[in-house]
Amino acid sequence: MDFTQKCLFALALVFLVLSVDVGGGGGERRASRLKKRKEDTTDQTSAAASWWNQEDGFPSGLGGSTIPTAAGTGPSSPGNSDFFSSSHGVLQTHPLGGDLPGGRSSSFLKPLYANAGFGLNFNKRPNEPGLSSPDECARACRDDEPPKVCYYRFNLEFYTTLGAACQLCLPNATNHCQCVLGDGFEKGVLTINRQIPGPSIQVCEGDKIVIDVDNQMQGMEVTLHWHGLWQQGTQYYDGVPYVTQCPISEGSTFRYQFKAGNPGTHFYHAHTGLQKLDGLYGSFIVRQTPSEEVHAHLYDYDLTTHVMLVSDWMHEVAQERFPGRLQRTPGQEPENILINGKGQYQDPNTGYMTNTPLEIFTVTPGRRYRFRFINSFCTVCPAQLTIQGHPMLIIASDGEPVHPVVVNTIISFTGERYDFVITADQNVDAYWIQIRGLGECGNTRAQQLGVLRYARAPYEPVSPRPTYDYGLAQGVVLNPLDAICNVERPDAICVSQLKNARSVDEGILQEHPDVKIFLPFRFLLYQPEQLFQPHLYNRFLVAPNGDHVISLVDGISFVFPPSPPLSQIEDIPPEMFCNGDNRPPECGENCMCTHKVDIPLNAIVEVVLVDEVQQPNLSHPFHLHGYAFNVVGIGRSPDQQIKKISLKHALDLDRRGLLHRQFNLPPAKDTIAVPNNGYVVLRFRANNPGYWLFHCHFLFHTVIGMNLVVHVGTHADLPPIPPNFQRCGDHLPPITFH
Ligand SMILES: CC(=O)NCCc1ccc(O)c(O)c1
């Protein structure tokens with residue numbers, strides 16, 4: 001395809017966008033368009049609010065995924081996908097020069113990291129010297145260069161997909177044009193700088209990060225959590241509401257500032273309520289210099305554009321599903337999946353498919369590419385990633401390097417990250433990338449496609465699209481759902497069987513830890529007559545099967561205190577805190593309090609998570625803030641006659657030495673799925689003082705209490721509270737009317 005053709009296709013897209021009904025655009029036009037839709041489609045309700053493949057759209061067979069990138073930086077010009085390139089795994093600015101990283105990406109519609117913090121907001125940038133822009137920070141890391149101070153400004157708003165901004169996206173737009181397409185379905189969302197995902201933060205280890213979060217969401221409070229960053233020395237900026245900070249109130253700006261202390265593929269997301277599901281998330285990559293990066297020799301390129309962030313996507317705002325409906329799509333299953341915010345949607349009733357662009361990752365033949373995969377799901381569905389014809393060499397999980405292992409399919413859970421290397425050694429062509437939602441997503445058959453495209457190849461593979469039921473061949477699977485992890489097998493490997501590529505703290509490998517904590521977790525099932533009584537307002541979730549439940553960890557359903565213990569411990573009534581050994585009196589099965597486990601600083605801690613949920617298909621991923629832990633064992637009961645694991649049984653297995661533990665380079669992670677009807681043994685050295693949330697990373701389980709706080713050290717171990725740190729809490733003065 002030559003340049004003129006590319007422009008034509010781009011123009012076709014713009015016209016198509018213009019044909020989308022954006023409302024308020026003249027009654028005549030609107031009426032005639034709606035009429036046209038009537039002829040084109042059978043389902044009026046969904047078609048009227050969607051970006052469907054219409055007969056007058058793209059030439060047939062081309063679809064949205066054929067859209068070229070920005071003029072002059074299109075993937076068909078040789079080598080231009082290698083904006084950062086090197087032959088030694090070093091990230092360098094490509095000699096083609098001229099363009100800023102923000103000016104190119106695999107789609108002109110939404111560069112991953114364009115313009116974060118500048119542009120119209122430029123006047124709000126602090127007037128301080130020495131701040132670097134997002135583009136300046138997304139660079140090749142070098143030993144001979146001092147760290148930068150990377151400044152980001154995040155504007156959080158209510159927003160809408162397919163809005164009027166989508167008419168303004170020109171093919172040569174170098175800035176983000178504020179059009180959020182999602183999967184082509186029109187709906188209300190929450191955005192950061194009018195992008196989903198939000199701006200990509202890409203820095204070097206040791207850089208200082210400053211992020212001004214301006215909350216302009218009407219009637220909402222918010223915090224952002226930097227998932228995977230340990231916040232050593234900056235505990236106050238971990239972003240957990242009522243644990244490490246007061247939430248950012250509407251209209252105010254909160255400045256997060258911390259060092260990019262631990263390298264790797266991380267991400268960020270809202271930690272308040274259900275906002276993450278509505279669009280508040282983005283990638284956070286901390287690169288190393290080639291001399292520090294243990295796997296630098298395994299790849300040629302580590303591109304800013306080869307971040308693959310996957311998220312689940314609903315066609316309504318998240319609150320519609322919490323506590324949840326009984327009749328109309330009960331439960332919390334997502335309608336779709338997005339790859340870097342992009343995708344298409346096929347209406348299961350009409351068969352109509354939107355023609356929004358798919359995400360395209362461009363590679364040059366013969367080269368080796370590092371991909372950084374981030375699972376930013378909210379629901380319970382595991383995500384299965386397969387790339388047609390391209391095995392993946394796993395080199396890191398949750399930012400922590402492992403000994404390389406080749407797999408063909410990765411199964412991951414929300415909060416996990418996997419780094420892998422792909423070699424572009426196949427025919428110059430385009431290849432499908434398939435993300436399938438497993439588990440409960442089998443009901444909606446949610447899946448998404450992307451494209452791995454060799455430079456100068458077509459934009460869409462010629463092979464048929466993999467479908468949910470006839471997908472790409474799985475081959476060797478990382479993290480099989482059967483979780484048989486204590487044996488070598490030809491068809492699969494578990495993340496717990498990967499070997500740590502760094503040395504492991506000797507203390508972790510001792511037989512006996514200093515502290516050992518068993519944490520069983522389950523749901524508490526309510527009968528409606530227990531729940532719906534006068535003056536009783538217990539929270540609950542309506543599960544897909546109609547069950548009304550809350551979550552319990554060690555018999556406790558976590559509630560947030562009114563103030564953050566980190567900054568306002570004196571404002572929290574001491575009786576609010578509890579744990580398995582100190583339950584509130586007479587709470588019975590329904591104990592609601594601030595579950596807090598105290599750990600001495602520097603202790604070696606072992607946690608045994610035990611799945612007492614017993615819901616087939618559900619494996620709960622637990623995420624620990626402030627740390628990476630070593631995964632020492634994953635398993636299920638070896639006793640054939642024991643059908644269901646329980647705390648009692650896990651304790652018994654441990655006494656008999658039958659809990660699976662292996663001490664040969666256990667991998668480090670910060671998020672680990674506890675297999676259904678199984679357990680996980682993890683260990684860490686409690687060397688980071690603070691109040692660290694430890695929780696199931698399923699969003700709807702977090703809001704019904706599947707959390708606890710790991711409190712490490714004492715207040716004397718903590719850095720001082722930042723000046724003018726916000727305060728919050730109850731206002732309960734004496735009643736003054738006498
Ligand atoms: C008593 C019980 O455990 N009921 C099942 C509750 C449940 C909750 C959330 C889900 O996603 C799910 O599939 C099922």
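Predicted model: local features only at pLDDT ≥ 70, side-chain atom pairs only at ≥ 80, totals over all residues.
**Domains and their interface**

The protein divides into three parts: domain 1 (127-290), domain 2 (294-479) and domain 3 (506-717). The C-alpha centres of domain 2 and domain 3 are 29 Å apart. Their contact draws 28 residues from domain 2 and 26 residues from domain 3.

The size of an interface is often given as the accessible area lost when the parts come together. Between domain 2 and domain 3, the buried area is about 2,100 Å². Carbon and sulfur atoms give 67% of that area.

Charged and polar pairs also cross this interface. Three salt bridges are found between domain 2 and domain 3. Glutamate 416 forms a salt bridge with lysine 669, with the closest N and O atoms 2.8 Å apart. Polar contacts across the interface of domain 2 and domain 3 number 11 residue pairs, both residues being at pLDDT 80 or more.

Which strands supply at least two residues each to the side of domain 2 that touches domain 3? They are β16 (400-407) and β18 (417-423). The largest share of that side, three residues, comes from β16. By residue class, the side of domain 2 that touches domain 3 holds 11 nonpolar, nine polar and eight charged residues.

**Salt bridges in the whole structure**

Side chains of opposite charge can pair when their charged atoms come close. The structure holds 37 salt bridges. In one of them, aspartate 214 meets arginine 153, at 3.2 Å from N to O. Aspartate 214 lies in strand β5 (residues 208-215) and arginine 153 in strand β2, so the pair ties together parts 61 residues apart in sequence.

| Salt bridge | N to O distance |
|---|---|
| Glutamate 416 and lysine 669 | 2.8 Å |
| Aspartate 214 and arginine 153 | 3.2 Å |

**Aromatic pairs**

There are 22 aromatic pairs in the structure. Why does the pair of tyrosine 301 and tyrosine 369 count as stacked? The ring centres of tyrosine 301 and tyrosine 369 are 5.0 Å apart and the planes meet at 25 degrees, so the pair is stacked. The cut-off for stacking is planes under 30 degrees apart.

This pair links distant parts of the chain. Tyrosine 301 sits in the loop between β9 (281-287) and β10 (307-313). Tyrosine 369 belongs to strand β13 (residues 368-375), and the two residues are 68 residues apart.

**Backbone features**

Most residues other than glycine have a negative phi, and most peptide bonds are trans. Some residues here depart from that pattern.

The peptide bond from isoleucine 196 to proline 197 is cis, with omega near -5 degrees. Proline 197 lies in the loop between β3 (188-192) and β4 (201-204). The bond from phenylalanine 322 to proline 323 is also cis, with omega near 0 degrees. Proline 323 is in the loop between β10 and β11 (336-339).

Where is leucine 162 placed? Leucine 162 is in the loop between β2 (149-160) and β3. Its phi is near 60 degrees, a positive value in a residue other than glycine.

Methods: Residues numbered from 1 in each chain as written. Heavy atoms only, no water. Domains from an automatic or database assignment. Contact = heavy atoms within 4.5 Å. Buried area = accessible area lost by both parts, 1.4 Å probe. Salt bridge = Lys/Arg side-chain N within 4 Å of Asp/Glu carboxyl O. Polar contact = N/O pair within 3.5 Å; in protein donor to acceptor, adjacent residues only side chain to side chain. Helix = DSSP H or I, 4+ residues; strand = E, 2+ residues; numbered from the N terminus. Nonpolar A, V, L, I, M, F, W, Y, C, P; charged D, E, K, R; others polar. Phe/Tyr/Trp six-rings, centres within 6.5 Å; stacked < 30°, edge-to-face > 60°.
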